[in-house]
Each structure stands twice: as structure tokens, then as C-alpha cells.
Amino acid sequence: PLDGNMIFPLMVYGNQDNVPLVFKVYDTRTETYYDIDEKLTFTVDMHLGNGFDPVVMNISGQPEVYSVGDPYPNPFNPIVNFDLTLTEESYVKVSIYDIAGHKVSIAHDGILDARKHKIFWLANDYASGIYFFKVEIDNQNPIHKKIILLK
């Protein structure tokens, strides 16, 4: 729009009336989820806002409890690292999968305290190729990252 803000068109479909809608924003730079302060209730055939008069939603100042950095170096041989920042003590499980989706290793499985951590995977006994690591933190949505092992 002319005021320099960003507009994200959104369509929501449903069969039930009076259902609360909750929104989140994902920042790809920090890989962090943020809550949206405004709450809406879905009603059948509702129409809210347009390009000239949008529904304004504000991001809450509190991020989710983690951020996961990009793997480095990538491609790697034989160790790959990534940074994990937690804002509160959390259960963290980091699993490594091969290109076929088979779990081949676990890089971490346990409780970590609130701070920045460096997680690594030593791949001495694995063949060159594409792998993925999956980061699971408490009950949050898992994060997946692609890594390439070159020997």
C-alpha cells in the first residue's frame, strides 16, 4: 500500500461458525515464530478489510522459545554444526535422516538450558550425500535443514 507497510492477502475457509482464529508470523532471517496480538472469530461469509482498508495485525514482542541457525560448514566433512538459541529450558531432540528418510543418527536428545548452544554431528562413518537434520523442541513444530556430506 501507499503507506509503506506490507499486506498479506489471506483467505480462510471453514464449515463451522464462531471458531477462534489464531495467527503467527515466521521470520525466515531468525527462524523464529511470533504471535499476533489480534484474535478473530470465524463466521460464515465474513469479509474483513481490503487493500485500502486492511485488517491491521500487530506482532507480539515475545518470540517462541527457540531459534535454529543454518548448518555450517555446508557442504561439510566430517563435522557439521548449527547454533540453537533457547529462551527457556527445553527438551531438544536432533535427529539426522538420509535422503530416503531413514533415521541414521541422533545428534542430541535431552534437556538444554536457556542460552545459545552449538550442536554438531560427526559423520565419519557415513557415505557422501544429502542428509537432513530434524530439530524437535518441546511440542513446537519441528525444523528441518538440508546438509551435504562431501568426502
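1. Strands here are DSSP runs (E, at least two residues), numbered from the N terminus. Ile 79 lies in strand 7 (residues 79-86).

2. The model is predicted: local features need pLDDT of at least 70, side-chain atom pairs count only at pLDDT 80 or more, and totals for chains, interfaces and linings use all residues. Residues are numbered from 1 along each chain as its sequence is written, and side-chain values use heavy atoms, with hydrogens and water left out.

3. Rings of Phe, Tyr and Trp (its six-membered ring) pair if their centres lie within 6.5 Å; planes under 30 degrees apart count as stacked, over 60 as edge-to-face and the rest as tilted. By this rule there are six aromatic pairs. Among them, Tyr 26 and Tyr 33 are tilted because their ring centres are 4.8 Å apart and their planes stand at 50 degrees. Tyr 26 is partly exposed at 35% relative accessibility, and Tyr 33 is partly exposed at 23% (buried means under 20% relative accessible area, exposed over 50%, partly exposed in between; 1.4 Å probe, protein chains only).

4. Tyr 126 and Tyr 131 make an edge-to-face pair, with 6.4 Å centre to centre and 80 degrees between the planes. Tyr 126 is partly exposed at 23%, whereas Tyr 131 is buried at 7%.

5. Ile 79 is partly exposed, with a relative accessible area of 37%. Together with Phe 120 and Leu 122, Ile 79 makes a nonpolar surface patch of about 270 Å². Such patches take residues with over 30% relative accessible area and no salt bridge, nonpolar side chains (Val, Leu, Ile, Met, Phe, Trp, Tyr) being joined within 5 Å; a salt bridge is a side-chain nitrogen of Lys or Arg within 4 Å of a carboxyl oxygen of Asp or Glu. Areas come from the Shrake-Rupley method with a 1.4 Å probe.

Terms used
Patches are made of residues with over 30% relative accessible area and no salt bridge: like charges are joined within 9 Å, nonpolar side chains (Val, Leu, Ile, Met, Phe, Trp, Tyr) within 5 Å. Helices (H or I, at least four residues) and strands (E, at least two) are DSSP runs, numbered from the N terminus.
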